[in-house]
Structure formats: C-alpha cells, structure tokens
Amino acid sequence: MGTAVAARQVLRWAVRRAASSLLSPLQLGRCHPQPQCVGCGLFCSSTSQSTLQSTQHNYKLSPVSEKPVTELSPQSLVDMGFTDTQAEQIYEAVSRIRGKSPAKHALSTLSVLFILGLNPSSVLKLLQKCPELYTVKESQLQQRIGILRKLGLVEGSLQRVVAHYPQILTVPVKTIKHVTVFLREKCLFTAQQVTNILRDSPGVLLEDLGQVEYKFQYVYFRMGVKQAEMMKSRLFRFTLDEVRCRHCFLERRGLYQTPDKKGQTIIINPKLDTILNVDQDTFLTAVAKASAEEYEVFQRLMAREWQEQEKEYGSIEADSDDDEEDDDEEDEIGGKSGYRKRRKK
C-alpha cells in the first residue's frame, strides 16, 4: 500500500515538472494539469493541443522550456512531498557535497526511496544518516535493492533495514554476493539464516571478513556455540572484543566451560543470548555475579594480554615461514584465517 502511494507521489511530481517545462503561462491559464489524470492534464482538448504546439514554437528558446526536468531546487523537492523546511535542508546538504555531482543523482535517488515505500520524513532522516546516498546512481540503487530482495528481504523487512542502516544501499552488488557466499560456505549458515543476519545485522556487509570469520570461529570452537544459537543472540551485532571480554570474564570466574568433543560440560553454561543481549549492569549482576570495578580491572588486563598475544602471534607466523613443520592447524570448516586450534609438539 505504501509503495503505491509513493509511486503516485513520484508520478504527480514528474507530471508537474513535465508540464512546467512544456507549457507557457498562457497555456497554463487554459489547461491546468491534474495529477490524477495524466492524459487530461496534458491534453484537455483538441484546441488546447494546437495551442500547445504553437506555444512551444513561440517559446522555443525561453528559459522555461530549456530548463531540465531533473534540476534540483527547493521547489522540485516541495513538489515531491517535502515541507519547505525539509526541502531547504536537503538542498543545502546536496550543495555542500563536492566532487561527485550529487545534484545529478539526488532527484532520482529520492524517487527510488519514495517508490521503496518511505515517506518524506523517513527519507530525510535516512539521508542525514548517510549523505553518501546523494551520489549513488539510480541504476546502482535499483540493482542493490533487487539483490537484497532476492536474498529474502521482502517488503516491510527491506524498508526497516534501509531506514535503520541506510549504508546498506552503498554496498556494491558484488560485495553483497561475496559476503553471503562467505557466510554460507565458511560459516555454514543456511540461506534463511543468512537472510536473518542481513536483516538483524546489516553492518556485517561492511566488516572485514577476516574479523567476521575469527569471531565466528571463536564462538564456534572456544565457546562451543552452534549456528542456531548464534542467530538467536544476534552475534554479528557485537564486536569481537565485546564477545571475548564477557566470555573470558565468565571463564576466569569458573562460570563458563568450553565443551568437550561430545559437546558436554561439567557446569551449565549460560546461553550466548544471555551473555550478549543484556546491558553491562545486568550482565554483571545476573550472569557474572561481579562488581563493575572487578570488570573494569579485568578489561584493562585483557586488553594488555591481547596486545602481547598479537605481538607473539606475529612472531610465530614469521617463524613458520622458515619451518612449516612447527605449524599444526585444525580447521573444521575449511577457513584459512580466523580462530585456529594449535597443538604443541
């Protein structure tokens, strides 16, 4: 329903612009175009049709007839449905962008967003979050929206994702395909799970895939958590440091244990959703049974420990180039980077 309303709104704007560029003031006095009927608006009668032709001839070189339909102006934005204040905000924002001809693509970008089903207020907020969209070509927007629909983001979900994370429309189609293939082949998520990841954690499309794989393998191997539980906890909304810090804090306090090969533990581990999807106060009081001061000290110690490990890991990698027999790796899902279990000989 929203898409149909938006389409009519864009159509009304297009008709208005077309009429203003073709009709002289005299002709506009005889025939007022109505948005509800394009045919009636442009061709009121045979008399007006002939008058239109003569008027176009007489005003062939006038500024009105030479003005391009796609010109960006506050009035053209008002014609699309924005208020005067909103139109001024958008016009000023576009004027501040240099070097990428934003005015050339701005109107077509706005039209695509309207047809997607967003209202003027939502479009303004979206563009304030992500001004880069002003410089994206209409064809690129259409392609990106198309691939997201093919991946399962249907009407409703797609609009919510775009409104929440408009940067998703700046990601090239090639990158979107690459990330989705990666999630399926490297992380063994199902097609539906990949769709859910894009809906709940669209930022994964702009993350470094090496870090994404490391985070997945850390949770899979060190914490013993399977894909279904990762989905429930919305794992990819959190950084690797957030995940590691809370997990290690529980582990050091004896409240979390890595499952054995059979998936068994001596204690009952808290669910990943309980660990991640709560604020820090709830995590400390309900899960870790610790004070904020203890956790702050632990975070500082862990940051220092991870820095030392990274330096040591870098030196180990350099040595492994000289002696490959010292490097025995196990990777259950076939990835070449990320979290790896190492065994000393």
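Buried denotes a relative accessible area under 20%, exposed one over 50%, and partly exposed the range in between, with a 1.4 Å probe and protein chains only. By that definition, Glu-305 counts as partly exposed at 27% relative accessibility. The model is predicted: local features need pLDDT of at least 70, side-chain atom pairs count only at pLDDT 80 or more, and totals for chains, interfaces and linings use all residues. Residues are numbered from 1 along each chain as its sequence is written, and side-chain values use heavy atoms, with hydrogens and water left out.

**Overall architecture**

- The protein chain contains 19 helices and two strands, where helices (H or I, at least four residues) and strands (E, at least two) are DSSP runs numbered from the N terminus.
- Of the 345 residues in the protein chain, 40% are buried.
- The accessible surface of the protein chain is about 19,900 Å², and carbon and sulfur atoms account for 52% of that area; the areas come from the Shrake-Rupley method with a 1.4 Å probe, and for residues only the protein chains shown count as cover.
- Contacts (heavy atoms within 4.5 Å) between residues at least 6 apart in sequence join residues at least 24 apart in 70% of cases.

**Salt bridges**

- The structure holds eight salt bridges, each defined as a side-chain nitrogen of Lys or Arg within 4 Å of a carboxyl oxygen of Asp or Glu.
- One of them pairs Arg-234 with Asp-200, whose closest N and O atoms are 3.8 Å apart. Arg-234 sits in the loop between helix H15 (227-233) and helix H16 (240-252), and Asp-200 in helix H13 (residues 191-200), so this pair ties together parts that are 34 residues apart in sequence.
- Arg-234 is partly exposed at 33% relative accessibility, whereas Asp-200 is buried at 14%.
- A network of salt bridges links Arg-199, Asp-200 and Arg-234.
- Glu-305 and Arg-252 form a salt bridge through their side chains at 3.2 Å, N to O. This pair links distant parts of the chain, with Glu-305 in helix H19 (residues 292-320) and Arg-252 in helix H16, 53 residues apart.
- Glu-294 and Arg-253 form a salt bridge with their closest N and O atoms 3.7 Å apart. The two residues lie 41 residues apart, Glu-294 in helix H19 and Arg-253 in the loop between H16 and helix H17 (272-276).
- Both partners are partly exposed, Glu-294 at 40% relative accessibility and Arg-253 with a relative accessible area of 34%.

**Cysteines**

- A search of the whole structure finds zero disulfides, a disulfide being a pair of cysteine sulfur atoms within 2.5 Å.
- The closest cysteine sulfur to that of Cys-245 belongs to Cys-248 and is 7.4 Å away, which is too far for a bond.
- Cys-245 is buried at a relative accessible area of 7%, and Cys-130 is buried at 1%.

**Core and local packing**

- The largest nonpolar core has 80 residues, of which Phe-82, Leu-169, Leu-183, Phe-189, Val-219, Met-223 and Phe-283 touch the most other members. Such a core is a set of buried Ala, Val, Leu, Ile, Met, Phe, Trp, Tyr and Cys residues joined through side-chain atoms within 4.5 Å.
- Leaving aside residues up to four places away in sequence, Met-223 touches Tyr-218, Val-243, His-247, Tyr-256, Pro-259, Leu-272 and Ile-275.
- Thr-195 lies in helix H13 and is buried, with a relative accessible area of 9%.
- Not counting residues up to four places away in sequence, Thr-195 touches Leu-151, Gly-152 and Leu-153.
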